[in-house]
Amino acid sequence: MATGRPNYKLLVGGLLLVVPFVILLAVSFGRDPRATPDALNGQPAPAFDLIDMDGNPVSLADFQGKPVVMNFWSTWCGPCKIEHPLLLEAPSHFPNVVFLGVVYQDDAAKARVYLDRAGSAYPHLVDPAGRLAVDYGVTGVPETYFIDAEGNIAYKHKGALSPGVLYEHLGQP
Amino acid sequence: MISTIFADLHILGPMGRGLVLLALLFSSVGFGAGLAGGFLKSAEATRIARWCALAFAATAIWANFVMIGALVSDDFSVGYVAEVGSIATPLYFKIPSLWASLSGSILFWAGVLGVYVALYARKARPKHAETQPWTLAALLATSVFFTALVASVADPFHAVFPVPLDGPGPNPLLQNHWLMAIHPPMLYLGYVGMSVPFSMAIGSLCAGRLEAGWLAPLRRWLIVPWLFLTIGIMLGGWWSYGVLGWGGYWAWDPVENASFHPWLTATAALHSAMVTERKGLLKTWTLVLIITSFLLTLFGTFLTRSGVFNSVHSFTQSDIGPVFLLAIAVIFVGTVVLLALRDHKLKTGRGFAKQVGGMKLLSRETSILAQNLLFTVFTATVLLGTVFPLLAEAVNGDKLSVGAPYFDRIALPIGVMLVALMGVGPALPWGEMNPQRALRRFVGPVVGGAVLTLAAAIGGFTGPVSLLAMFVCGFALVSNLGEYATPVMARMRVKKERLDVAARRAFIRGRRRYGGHIAHLGIVIAVMAIALSKGYRTTADLTLREGQTAQVEGYDITFTGADLIELEYMESLTANFAVTRNGQDYGTYSPAMNFYPRQREPIGSPAVRSTPAEDLYLSLVQVQPDGEWAAVRVLVMPAVWWLWATLPIFALSALLILWPAKKRKTAAELMAEAA
């Protein structure tokens, strides 16, 4: 500018661009970008007829009237090993709840070796071709689905379970 | 091993921390000295600032080497090593672990900044005596900020007690490909390097003058990070292609976009700086672009480090976010205020509108102006798409994402126009050209465009968009070749030199200019590769039983079985496919799924057969460990190879520009020698 004084147009224009931008960042700060709404919440849980590791047929229909906790896991997954002791304990604390494990993207024989060593308190299903995981929209392991007594998906938990999560969704025993 | 001895003594943590504190001290004192040098016009204070800059650089770089030593020697008493290290990690993944997680990457940032600060302090010439102290102050202010982060909220050297026996290992995505050893450093060299031209711009604003001969070094300081950014972005694409298994190289992921924003504005700045240099026009505009480029790199860093976006790049949320946000607010608002208050001191001449009004239509400056406007629109639309999910969530709580179709729709027309301008600009002279002569100059490029279009059509690429892209690419290619040829022909004509002599001398005299032109060549080739590979891809999802064969685009693909490879830090499940075409054996390709204990889902590792004509890309979806069957996604795409082939071109361009010039002896030195 030849005028020899501060460029107020630039000042106002620049601030109008920059200030809302910074405010937007500040407002967005702390959002959880991974929190996506779960389309299946409140929907009937997809039905299945599978064989567990001992060769027994297991069907979701068998458990009608009872809440079900379905845990997808694998032997290569670290957090699954972290939550395993909790899942060993849980069935004795919640006797009215059905617990099921589903082996995800893993070899059944390896899963068996792991369970023989680490212990198991409930049936584990083999999910050939991962169809059950697709039906439930599993994004990774561990992932746990809480299915209510009416057979609807009440909640899906991503990552390792904690006692707090179990109490929150199954009530105090 | 000396480093092992240090590790056993657990001395590396305190040593690193001491170096970081020293770096903080030097940068703070240097910042103060720079300000004093600027305000008091004191050469002595400026000299102190320069020394402090060098001392900051030495300590910051040294601290990085200490961290590398700690990572290599598995010194788990150092907090960062306990966080990302593990004994089982191979050595060649231990060193890149430096940038595998938050605090290490900020330390690395400070180290790269140290390299740039040292180079600037060494190169800073006495002739920019008025702006130099301010520039040093601005550079060192940036250094203070990053070093302070490393010393406080992102301290990688904090002591861990009791010392763990082993650690979890770095992020699996970093352990999956050798490119992770070079993609991040290149990007950092690009990002951090923007702080030098930014500081130079701030320096001239504070000093209230653009000194003579200021623009040539500024352009050089700008093109260096620009080239690194270009290479870093290309390598990122390559990594994404080679590791993520979706068959693409650019997903318009928020963090990818964050690296693209400053690239766009810096490209615009490189060109507008030429107009400023030649015609004295667009001074303020050039400064705005340079400053914006740096601000956008900060924004990009904030995105990766704050956890605002979900991306392959994002780290978990941390304490660093609020501090960074505050810094961004201060720097963004501060630079706008500084620019507005000091702009008139720069004697920028008439207002923007009048400057533009005075340009002739058929001139290089007008073509650059048009290019600048396109780049600005490009930046604004990509930026809008990137932050739109934040905006929507802030306004009405909607969770949405802006997908690739939006960005592709913008990128296509703007990209075509930009490449066309790459052909128009070099053909036009500075100043003015009469229309008839201008038309004659376009004959060659138009023929080039037509030839390439025809060649593409014969090659089977008959879609209108690809043909248009090929036309502008051929047009730009020939026009730029003219830029190489013109000085050579001029020498042959005027100085009567032979072709080879003229070519050699023209090259030596204009080495840096040629470096720039070669970058143009790289861009044109990249655009061609993108246009063809995006326009002509075949995708097939196959599920094959063992021994079964399927045919995709003439390739016969046979599933021959699966292997489980158990390594100490991961398990890899591979499926083997024998590939033949027209009876010719292409060998076995083994895409894999890698299982890392820390990862919630397996990471694919595609197998690619890459040739200049086309790529065959196999990405494993699922495989039975007993090898009974495998599901695989097969993609066949032309020309992707050429995208990676531009990397040596950009590297050559960088080398030509950076290679130090032979020192010409000054008159004083010559006289001293004679005496």
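## Domains of chain B

Eight residues of domain 1 of chain B are in contact with seven residues of domain 4 of chain B; two residues are in contact if their C-beta atoms, placed from the backbone, lie within 7 Å. On the domain 1 side, the touching residues are four nonpolar, four polar and no charged. Here Ala, Val, Leu, Ile, Met, Phe, Trp, Tyr, Cys and Pro count as nonpolar, Asp, Glu, Lys and Arg as charged, and the others, Gly among them, as polar.

## Model and confidence

This is a predicted model, in which local features need pLDDT of at least 70, side-chain atom pairs count only at pLDDT 80 or more, and totals for chains, interfaces and linings use all residues. Residues are numbered from 1 along each chain as its sequence is written, while chains are lettered from A and ligands numbered from 1 in the order in which they are written.

The pLDDT is the predictor's confidence in each residue, from 0 to 100. Chain B averages 88, and 93% of its residues score at least 70. The model has an ipTM of 0.80 and a pTM of 0.86.

Helices (H or I, at least four residues) and strands (E, at least two) are DSSP runs, numbered from the N terminus. Axes are lines fitted to C-alpha atoms, for helices over the stretch in contact, and angles run from 0 to 180 degrees between N-to-C directions. Angles under 35 degrees count as roughly parallel, over 145 as roughly antiparallel, 65 to 115 as roughly perpendicular and the rest as oblique.

The axes of H9 (residues 195–207) and H13 (residues 320–342) of chain B come within 9 Å and cross at roughly 45°, so H9(B) and H13(B) are oblique to each other. B:Ile202, B:Leu205 and B:Cys206 of H9(B) meet B:Leu338, B:Leu339 and B:Arg342 of H13(B). By class, this contact has five nonpolar, no polar and one charged residues.

H11 (residues 254–279) and H15 (residues 364–396) of chain B pack at about 160°, with axes 9 Å apart; H11(B) and H15(B) are therefore roughly antiparallel. Their contact has 11 nonpolar, 11 polar and two charged residues.

## Backbone details

The peptide bond from A:Val141 to A:Pro142 is cis, with omega near -5°. Another cis peptide bond joins B:Phe161 and B:Pro162, with omega about -5°.
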